[in-house]
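Welcome, and thanks for taking a look at this one. Let's walk through it together, starting with a single residue and then stepping back to take in the rest.

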Amino acid sequence: MTAAHRARFDDLGLDDLRIIGDIGGTHARFALARHGAYTHLQRVEVSRYGSLLEAMTDYLATLPPDLKPTVAVIDVAGPVRGDAVKMTNLDWSFSAEAMRRSLGLTAFRVLNDFAAAASSIPYLPQTDCFPIGPDVPNASGPIGVVGPGTGLGVGALVPHGAQWTLVPGEGGHVSLPASTGMEDRILAILRRRFGHVSAERALSGAGLVNLYEAVCEIEGVAAELLAPSDVTERAIKGSDQRCMKAFAHFCELLGTIASDLALTLGANGGIYIAGGILPRFKEAFAASGFRARFEDKGRFRDWLRTVPTRLILEESPALIGLANVPVGVDY
């Protein structure tokens with residue numbers, strides 16, 4: 001990313017004290033932000049609350065009386081279209097305008113969770129961007145972001161002069177492609193189980209387990225009841241061959257999806273990988289088949305060799321994004 005494109009988005013209203021919230025299906029994180037930085041971080045279990053309003057009201061009650069935010073910017077897991085928001089993996093729904101009025105704020109903006117993560121990229125220090133494959137200094141142009149975690153998030157940033165335009169989307173639900181005979185067999189198993197096989201069915205925590213179970217079925221053995229963390233732990237330790245194969249397929253399939261995104265966007269600025277799974281295993285990910293698969297696009301191999309891929313190590317990129325995006329702009 002060039003120095004010119006480290007400039008902020010359009011005038012953001014960064015002088016206003018804002019409450020920011022990263023709302024997931026299990027936990028929510030709230031903080032206060034001003035001038036692009038956040039403080040007073042609090043992490044809560046969403047099961048404690050019956051609604052977003054209850055959770056935000058409880059957080060605001062913990063703040064010193066002299067800290068009264070005037071605006072809110074939050075993200076939720078799921079598509080955001082208009083005023084009415086319904087979360088995908090949590091039984092919460094709300095009206096952004098009703099939330100604004102109830103909390104006495106001047107603005108209340110809602111983003112998709114991965115749009116918030118993508119928004120962080122212009123503000124991440126280089127130490128939080130771990131190169132996977134050859135690094136490309138001063139790469140500039142559109143940026144793609146893909147993140148396997150609870151689901152699979154996909155987004156983009158497009159430069160506009162010295163500013164950035166955020167392009168959110170639901171790219172985790174594109175159809176999963178197969179590039180090898182073994183992946184054909186895995187895809188057939190997943191198709192039998194799910195019907196439509198989205199990329200998220202393989203490239204997420206649950207997807208990693210789906211890959212492990214498919215490998216076991218192909219090899220004719222009974223799958224153990226494993227959590228995603230079990231699969232990754234056994235794979236990294238080298239203690240379970242089928243977990244190792246599942247993790248290898250995970251990394252290679254992610255390389256395919258990432259290069260598809262790079263070609264679709266013309267992402268000369270690079271592809272960034274976020275999400276909660278891979279930062280804990282950066283060395284194993286760097287040694288995987290991800291980058292080789294990323295470049296494996298026939299006549300566009302040479303072009304893809306010029307596109308950097310970087311793993312985001314920052315634990316909370318969404319909060320950085322929420323602290324910096326414009327308050328009164330809809331995407």
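## Glu213, a place to start

Apart from neighbours up to four places away in sequence, Glu213 makes contact with Arg193 and Ala223. Please keep in mind that this is a predicted model. You will find Glu213 in helix α5, which covers residues 205-219. Is this residue buried, partly exposed or exposed? Glu213 counts as partly exposed because its relative accessibility is 26%, and the buried class ends under 20%.

## The chain as a whole

Now for the wider view. The protein chain contains eleven helices and 13 strands. Its radius of gyration is 20 Å, close to the 20 Å that the globule rule gives for 331 residues, so the chain is as compact as a globular protein of that length. Along the principal axes, the C-alpha trace spans about 60 × 45 × 35 Å.

How much of the chain is buried? Of the 331 residues, 50% are buried. Among contacts with a separation of 6 or more, 68% join residues 24 or more positions apart. The chain exposes about 14500 Å², and carbon and sulfur atoms supply 52% of that area. As for charge, there are 31 positive and 36 negative charges, and their mean positions lie 3 Å apart.

Strand β1 runs through residues 18-23 and is mostly covered, with six of its six residues buried. Arg18, Ile20 and Asp22 point one way from the strand, while Ile19, Gly21 and Ile23 point the other way. Residues on both sides are buried, the charged Arg18 and Asp22 included.

Which strands pair with β1? One is β2 (residues 27-34), which pairs with β1 in the antiparallel sense over six bridges. These two strands form a hairpin, with three residues between them. Another partner is β4 (residues 71-76), this time in the parallel sense, again over six bridges. Ile20 is a handy landmark for both pairings: it stands opposite Ala31 in β2 and opposite Val73 in β4.

## A buried serine in a loop

Ser198 sits in the loop between α4 (181-194) and α5 (205-219). Although Ser198 is in a loop, it has a relative accessible area of 6% and is therefore buried. What does it touch? Leaving out residues up to four places away in sequence, Ser198 touches Gly172, His173, Val174, Ser175 and Leu176.

His40 is not a glycine, yet its phi is positive, near 55°. His40 belongs to strand β3 (residues 37-45), and with a relative accessible area of 40% it is partly exposed.

The other is Asn138, also not a glycine, with a positive phi of about 60°. Asn138 lies in the loop between β8 (129-131) and β9 (143-148). Is Asn138 buried or exposed? It counts as exposed because its relative accessibility is 61%, and the exposed class begins over 50%.

Technical notes. Residues are numbered from 1 along each chain as its sequence is written. This is a predicted model: local features need pLDDT of at least 70, side-chain atom pairs count only at pLDDT 80 or more; totals for chains, interfaces and linings use all residues. Side-chain values use heavy atoms; hydrogens and water are left out. Helices (H or I, at least four residues) and strands (E, at least two) are DSSP runs, numbered from the N terminus. The radius of gyration is taken over C-alpha atoms; the globule rule is 2.2 Å times the number of residues to the power 0.38. Buried means under 20% relative accessible area, exposed over 50%, partly exposed in between (1.4 Å probe, protein chains only). Contact means heavy atoms within 4.5 Å. Accessible areas come from the Shrake-Rupley method with a 1.4 Å probe; for residues, only the protein chains shown count as cover. The place of a charge is taken as NZ of Lys, CZ of Arg, CG of Asp or CD of Glu. Two strands pair if DSSP finds at least two bridges between them.
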